[in-house]
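Work through the exercises below with the sequence and the model at hand. Try each task before reading its solution.

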Amino acid sequence: VKFKGGKLPSSIGGLIHLRFLSLDDAGVSHLPSSMRNLKLLLYLNLSVAIGEPVHVPNVLKEMLELRYLCLPWFMHDKTELELGDLVNLEGLWGFSTQHSSVTDLLRMTKLRSLSVSLSERCTFETLSSSLRQLRNLEMLYLDLSYKTYTVDYVGELDLDFIHLKELGLKVRMSKIPDQHQFPPHLAHIYIFKCLMEEDPMPILEKLLHLKSVELSSEAFLGRRMVCSKGGFPQLCALEIYKQSELEEWIVEEGS
């Protein structure tokens, strides 16, 4: 729906029994403060997908029943959201340490899926300690691309979540972490804009439970990629695109 002036009508706050609200791709740039009345919401998708920052008032903290929350990817710089009381959340997408305190995650122990973007307001160590409490995570997407980290530093991030099946990494690093630093039962991995200089395949092919791998948007800057004999024993899908430097891809028999 195209709302006049990109503003969601304040009358939305009258729907006090609403359980589900999705503004996916709605082109809304302003959300009304009356949304604080929607205290019974279970599902809220604010992925409005417009080119300008979205004005989000600090009304989400009162939606204590929320199970799923998807935030806009771009919000006004002065946006401050308090999310620490949303202890029933099972899915949280678009969380940014620029607009929320990373310590809000500490109480969200029911989270099973999370995408988080690290800003300069939060240190790498603080993010790591907060994520360490989320032992039920099954899906995790990390965007740490605002600043360059070395692979040794990235390796300090505890990814050993026993239930984690899906992992997305948008982290600038010279090489991928060693296989023992990945979750033991990882099935799907997505790697974006990592600008790796070393071939990630010798590590990835040793992750025995991997079923799909996606390398996209300059994940790897090398010219040669090798998949070894016996590697990727369960792989069903491999997607490689926008790897402009790649000239040679060798797949050995039995890989």
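**Exercise 1. A leucine in a loop**

Is Leu 186 buried or exposed, and what is its relative accessible area? Then place the residue and list its contacts.

Solution. The model is a predicted one. Start with the accessibility. Leu 186 has a relative accessible area of 2%. The cut-off for buried is under 20%, so Leu 186 is buried.

Next, find its place. Leu 186 sits in the loop between strand E7 (166-170) and strand E8 (188-192).

Now collect the contacts, skipping residues up to four places away in sequence. Leu 186 touches Leu 164, Lys 165, Glu 166 and Leu 167, and also Leu 207, His 209 and Leu 210.

Finish with a distance. Leu 186 and His 209 are 23 residues apart along the chain, and their C-alpha atoms are separated by 6.0 Å.

**Exercise 2. The whole chain**

Describe the overall dimensions, the burial and the contact pattern of the chain.

Solution. Count the elements. The chain has 3 helices and 12 strands.

Check the radius of gyration. A compact globule of 255 residues would have a value near 18 Å; the chain has 20 Å, which agrees. Along the principal axes, the C-alpha trace spans about 65 × 35 × 35 Å.

Turn to burial. Of the 255 residues, 47% count as buried. The accessible surface comes to about 12500 Å², and carbon and sulfur atoms hold 50% of it.

Look at the contacts between residues at least 6 apart in sequence. Of these, 48% join residues at least 24 apart.

End with charge. The chain carries 27 positive and 33 negative charges, and their mean positions are 8 Å apart.

**Exercise 3. Aromatic pairs**

How many aromatic pairs does a search of the whole structure find?

Solution. The search finds 4 aromatic pairs.

Take the tyrosines. The rings of Tyr 43 and Tyr 68 are 4.7 Å apart, centre to centre, with 5° between the planes. Stacked requires planes under 30 degrees apart, so this pair is stacked.

Tyr 43 is in strand E2 (residues 43-45) and Tyr 68 is in strand E3 (residues 68-70), so the pair ties together parts that are 25 residues apart in sequence.

Tyr 43 has 24% and counts as partly exposed. Tyr 68 has 24% and counts as partly exposed.

Go on to the other pair. Trp 93 and Tyr 141 lie 5.3 Å apart, centre to centre, with 50° between the planes, and the pair is tilted. Trp 93 belongs to strand E4 (residues 91-96) and Tyr 141 to strand E6 (residues 139-143), so this pair ties together parts that are 48 residues apart in sequence. Both Trp 93 and Tyr 141 are buried.

Last, look for a cluster. Ring pairs link Phe 20, Tyr 43 and Tyr 68 into one.

**Exercise 4. Positive phi**

Where are Ser 217 and Phe 232 found? Give their phi values and their burial.

Solution. Ser 217 is in the loop between strand E9 (212-216) and strand E10 (224-227). Its phi is near 50°, a positive value in a residue other than glycine. With a relative accessible area of 18%, Ser 217 is buried.

Phe 232 is in the loop between E10 and E11. Its phi is positive too, about 50°, although Phe 232 is not a glycine. At 7% relative accessibility, Phe 232 counts as buried.

How values were computed. Residues are numbered from 1 along each chain as its sequence is written. This is a predicted model: local features need pLDDT of at least 70, side-chain atom pairs count only at pLDDT 80 or more; totals for chains, interfaces and linings use all residues. Side-chain values use heavy atoms; hydrogens and water are left out. Helices (H or I, at least four residues) and strands (E, at least two) are DSSP runs, numbered from the N terminus. The radius of gyration is taken over C-alpha atoms; the globule rule is 2.2 Å times the number of residues to the power 0.38. Buried means under 20% relative accessible area, exposed over 50%, partly exposed in between (1.4 Å probe, protein chains only). Contact means heavy atoms within 4.5 Å. Accessible areas come from the Shrake-Rupley method with a 1.4 Å probe; for residues, only the protein chains shown count as cover. Lys and Arg count as positive and Asp and Glu as negative; His and the chain ends are not counted. The place of a charge is taken as NZ of Lys, CZ of Arg, CG of Asp or CD of Glu. Rings of Phe, Tyr and Trp (its six-membered ring) pair if their centres lie within 6.5 Å; planes under 30 degrees apart count as stacked, over 60 as edge-to-face and the rest as tilted.
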